[in-house]
Amino acid sequence: MPERWYQQAIVYCLDVETYQDSNGDGVGDLRGLISRLDYLAALGVTTLWLNPIHPTPGRDDGYDVSDYYGVDPRLGSLGDFVELVHECENRGIRLMIDLVVNHTSDEHPWFVSARSSPDSPYRDWYVWSPTEPPNAEEGVVFPGYQRGTWSYDEQAEAWYHHRFYEFQPDLNWSNPEVRAEMGRVVAFWLQLGVSGFRMDGAPFVIEEVHPDGGERTMHYEWLNDLRDHVGWRRGDAAVLAEANVPREQLLDFFGERGSRLQMMFNFAENQRIFLALARGSATPLVTAVESSPALPASCTWATFLRNHDEIDLSGLRESERADVFAAFGPDPDMQLYDRGIRRRLAPMLGNDRRRIELAYVLQFSLPGTPVIRYGEEIGMGDDLSLEQRDSIRTPMQWADAPQAGFTTAAEAVRPVIAKGDQAYPVVNVRDQQRDPGSLLSWFERTLRVLRETPEFGTGGCTVLDTKSDQVLALRYDSPTGSVLAVLNLGTEPSTVDLSPQPGPRGGFGADLLADRDYPAVPADLSAVELDGSGYRWIQLHRNPAP
Ligand code: NOJ
């Protein structure tokens, strides 16, 4: 078995606020989450990534933190958090939390003090300019919802930098006091028992912004410091970075021989998955996998289809983006920030079960650790009447019961989806648990097979030539054995010739996983049959346990 847990993990991302309410106030909370841990263990997830849980004014769903050392009172207490850690440990589940350290809320006491006087001890914890910077309008992350990246503060009588919304002033990481404080923040949560962090906006954390408009400086060495702080407190802890950066910068985040961050979301691949699905073509993924840089042995990608944000398609060419929009988000209301789609996967794929399965098998077949967004396992939908990314942040649908079983309150923190194909009477956990043919049951089986096939997490990946634009074939070789993943992105059946394959093989039994029972493949793999949108995982050989 691999030595590093995060290379063999199945990560489930959830927002505590919308997962399960335990006290009837309409807001999900930590105790509610504890009551659902058995569900999560049975699903087969090994790691939970919690979206921000800290005290917050809640103007960006918790990504505007006002105290790094606490739990938002709406979600519970530190006591509840420690209870959650304990209950997770009982079930062998690890916890990761969001580390939102590029910026604070403008209500954080540090910023309140910093803006109040140039003599505040916190003044230099933020990034100021006495005059309007020449590029104050540039570099916005939320076009249409964010005016610029510098705003004037009347009280401070100065301009402050904010990469995101104007209520999220950027911390000044050039200040060693800020870096030392963030070391204490990670130490605090590691001491409480988390196994790692999802680092929000990593490239912005390490950029030094020059108010005169000069080229920003990237301080990758700060990531080494962060990694050291994390490692000293907990040797096996991991940091998963959100860094949607050009390919040539990726390895700088991992660091030489993995000296910086252990995991990064694979944004380039995420966009190409949607392009491949839109075009019914494996080519975008062949290119993505083949051009992906070789990672240090201790590092890995995090793969994902959906997360709590829009699907960011900004890395695609205009014609490619147009194809994805046309297929999955044709209505302007489905699109966001001139670059993305604010829908969940099931409605994007027209609730077509075959395509949903194909999409997830594709994710699980690609190199890296899978991250799954809550509710995807039952095929939850979106509510486009909600603002921006709230469309995909509706309460978890537990049952065909009032408020979907999420809360006993008359009103939930966000409306449950009560109309349409994905309303909670149609799509909910309880019904799907009773149905062996449900999407949830399929997820349970598939995640079990994935966990039992360590080759996917640890093996070297080779793209095989299928001579078919619509079929993707990946081969993984690891000390445990070799597997093949073969997927048909097209709607027409296809049979591909994958002979000859090196190494021991033959005597193939039933597929490890497939969309249906296929006849066994011939020993030379010269004919691998697939239905339209079909998929197969084939064990080529297994090495005996040492
Ligand atoms: C990235 C997060 O994923 C997003 O939800 C948030 O709005 C921004 N960072 C700002 O923290």
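Thr 18 sits in the loop between β1 (11–14) and α1 (30–35); helices (H or I, at least four residues) and strands (E, at least two) are DSSP runs, numbered from the N terminus. The model is predicted, so local features need pLDDT of at least 70 and side-chain atom pairs count only at pLDDT 80 or more, while totals for chains, interfaces and linings use all residues. Residues are numbered from 1 along each chain as its sequence is written, and side-chain values use heavy atoms, with hydrogens and water left out.

- Thr 18 counts as buried because its relative accessibility is 0%; buried means under 20% relative accessible area, exposed over 50%, and partly exposed in between (1.4 Å probe, protein chains only).
- Leaving out residues up to four places away in sequence, Thr 18 touches Tyr 374, Arg 393, Thr 394, Pro 395, Met 396, Phe 406, Val 413 and Arg 414, where contact means heavy atoms within 4.5 Å.
- Asp 170 is placed in the loop between β6 (158–161) and α5 (176–191).
- With a relative accessible area of 4%, Asp 170 is buried.
- The contacts of Asp 170, again not counting residues up to four places away in sequence, are Asn 102, His 103, Trp 125, Tyr 126, Val 127, His 161, His 162 and Arg 163.
- Between Asp 170 and Asp 212 there are 42 residues in sequence and 17 Å in space, C-alpha to C-alpha.

- Four bridges pair β10 with strand β7 (residues 196–199) in the parallel sense; two strands pair if DSSP finds at least two bridges between them.
- Val 239 in β10 stands opposite Phe 197.
- β10 also runs parallel to strand β11 (residues 263–265), joined by two bridges, and Leu 240 has Met 263 in β11 as its bridge partner.
- A right-handed β-α-β unit is made by β10, α8 and β11; a crossover is right-handed if, with the strands pointing away from the viewer, the path from the first strand over the helix to the second runs clockwise.

**A three-stranded sheet**

- Three strands form an open sheet in the order β13-β15-β14, with antiparallel pairing.
- Its edge strands, β13 (311–312) and β14 (335–336), each pair on one side only.
- Two bridges link β13 and strand β15 (residues 340–341) in the antiparallel sense, and Ile 311 has Ile 341 in β15 as its bridge partner.

**Pockets**

- On a 1 Å grid over the protein atoms alone, a pocket is an open set of points where a 1.4 Å probe fits, with protein on both sides within 12 Å along at least five of seven lines; lining residues have an atom within 4 Å of a point.
- The largest pocket has a volume of about 910 Å³, a volume being the space filled by probe spheres set on grid points that are joined across faces, edges and corners.
- Of its 45 lining residues, Ala 243, Asn 244, Val 245, Phe 267 and Asp 312 are the closest to the centre of the largest pocket.
- α9 gives the most to this lining, with five residues.
- The second largest pocket has a volume of about 570 Å³.
- Its lining has 27 residues, and Cys 299, Gly 457, Thr 458, Gly 459 and Gly 460 lie nearest the centre.
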